[in-house]
Amino acid sequence: FNAFGPKGKAIPDSGWSEWDASSNAAVERPGAGVASSVIVSGEAEEVNGGTSTTRPQNSINITVILGHFLSQGQLNANYIQHTDRDLLVNGRETYWSTSGHFIYWCPFTGFARWQVTSSTELTNARDKKICNWNAFGPAGKDILDSNLSRGWTEWDSSVGAAVSLHDAGVHILALESEIVSGAWADGLSDNFAEDEMRTECVTQAMKHLVRGQPNCSNCWAIASSALTEISLCIISERLCSISKSLCSIPKFQGSNAFISASYITSCAGSAFVEDNGCGGGNPVSALRWIADHGVPTGGENTSLATCVPYFLSSNSQVSQAPTCPSSCTNPNYPQTLQEDLIKVPTLSKSWTTTSHESALLFKAHWKLPFIIRFPVDAHFRDNYTGGIYSELKGPVLFYHVTLAVQATSDYVTSLNSWSSSWGEVLTYNDMGLTVPGCFKINKSLISDYAIPGIPDQDDSVRLHGVPWHLKNWTAGVVTLAGFADSRLNADYTDSTWFAADHSVYCVVNVTNKQTPMAGQREYKSIDM
């Protein structure tokens, strides 16, 4: 530097420091700084097919990305800096999203702060000095602070009050050119093998996901159930690391560790687009509904090892979801629906965004999938066999919801729910896994992303009850005696396994230190 301004302030008027060669040190000059400034107008630029804005020529525009707003999900988006004279508010630049909102500086509230509101409020904010808001940041915290401005407050109409959110606010700061080129994401990694625990859980869901939805538009419920399975798997994996006493609790893994997509389709009314779950739904609303109400287990439609199996088969002509059941639809299931209900409270923190960069950052940090919504044309539906779906080749038939399992700065890889015979087969060598029904889609076609709520430090040590279908499970014990082969004379404990749709009882060796199942118990099979 030759000189620099006070920390955390964007082009401040005074208080700069300069390098003084005579004293070989930086010297603060209280009166030094910006004496005057001129906004240079540029050429009109066409945006969104006709809306005209003006940007200064040769300007370096910054993108501010907001995230983690819950009630005001429309605020989670990319905002591009504008320094046009007509868009300055209270002497500061503003930041605009394509969803009809802008961020501006408000010094008149008694607590000077950055706020975000509808674009229709520009005149009020600029000319009338009225600071209306949908959400606002911490007092005195600059929008361009390199430490990122979190802890924003949003208006929650469901409670009629302003609600402070610990994680809401600025998630990413980058030059607009870096967002466009993808350079901002250099160094972000999306490698399944980096986290073995999550790899195992994601692998499980990938094996389960291709269920099919012949005439029922419940893709939202299928994606939400798969995402819930992954959350449960991770929570149950982490319990043993919290307390050794929890190592004996069965993990939410294996061939019967399904969440009932059927139950969500029939019961999650707050997520429905129409009056029936087969008419479409909102995945974020579904995840929050699961957090509040719980959902039972439910495998394929032939499963006898889950509470509410899938109501659709591969050739089903059903186009309406059945009535929400009050008991397990599998009459042979060993516990009631109420006993089987699973709740993942952290899913109440799930949020939606239009920012691909927010989704990519989440994926790289947590190594977890998210959900996408995008338009479908006839060519993609009927002819896709591989490559990146990057443009519409005909009219939009409908919007589809799927689970995204990998992401780059340009596209995501997703699992479809149109059966295993559709799409591309992908091989993940690091997991030894081959997955059918996959596709890649360019970020330009993705309408929005559903990001699941993640446990914070407190949640990671709270059990919230044991979050799986065996939470009330008490192991039955059968003791065999009188056999000449003494190995058979032992206590056999009711396991979490099923064979021919019946419970499997296993010999437990509590001293064996190998732990293929849970804690310090080894389940052995004996030929009989």
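A residue counts as buried when its relative accessible area is under 20%. The views below all show a predicted model.

**View 1. Strand β21 and its two pairing partners.** Strand β21, which spans residues 433-442, is mostly covered, with seven of its 10 residues buried. Strand β19 (residues 411-415) pairs with β21 in the antiparallel sense, and five bridges join them. Within this pairing, L415 has C438 of β21 as its bridge partner. Strand β17 (residues 388-389) also pairs with β21, here in the parallel sense and over two bridges. Y389 stands opposite I441 of β21. Strands of a sheet pair through backbone hydrogen bonds, in either a parallel or an antiparallel manner.

**View 2. The open sheet formed by β1, β2 and β3.** Three strands make up this open sheet, arranged in the order β1-β2-β3 with antiparallel pairing. Strands β1 (3-4) and β3 (25-29) stand at the edges and have a single partner strand each, so one side of each is left without a neighbour in the sheet. Strand β2 comprises residues 16-20, and two bridges join β1 to β2 in an antiparallel arrangement. In this pairing, A3 stands opposite E18 of β2.

**View 3. Helix α6 and the residues at its ends.** Helix α6 covers residues 283-293, and its buried residues are P283, V284, A286, L287, W289, I290 and A291. The N-terminal end of α6 is capped by N282, a side-chain oxygen of which lies 2.9 Å from the backbone nitrogen of V284. G294 follows α6 and has a positive phi, near 85°.

**View 4. N90, a loop residue with positive phi.** N90 is placed in the loop between β7 (78-82) and β8 (94-96). The phi of N90 is near 55°, a positive value in a residue other than glycine. N90 counts as buried because its relative accessibility is 18%.

View 5. The loop between β11 (135-136) and β12 (153-156) contains L148. Although L148 is not a glycine, its phi is positive, at about 65°. With a relative accessibility of 21%, L148 counts as partly exposed.

How values were computed
Residues are numbered from 1 along each chain as its sequence is written. This is a predicted model: local features need pLDDT of at least 70, side-chain atom pairs count only at pLDDT 80 or more; totals for chains, interfaces and linings use all residues. Side-chain values use heavy atoms; hydrogens and water are left out. Two strands pair if DSSP finds at least two bridges between them. Helices (H or I, at least four residues) and strands (E, at least two) are DSSP runs, numbered from the N terminus. Buried means under 20% relative accessible area, exposed over 50%, partly exposed in between (1.4 Å probe, protein chains only). A polar contact is a pair of N or O atoms within 3.5 Å; within protein, one must be able to donate a hydrogen and the other to accept it, and residues adjacent in sequence count only if both atoms are side-chain atoms.
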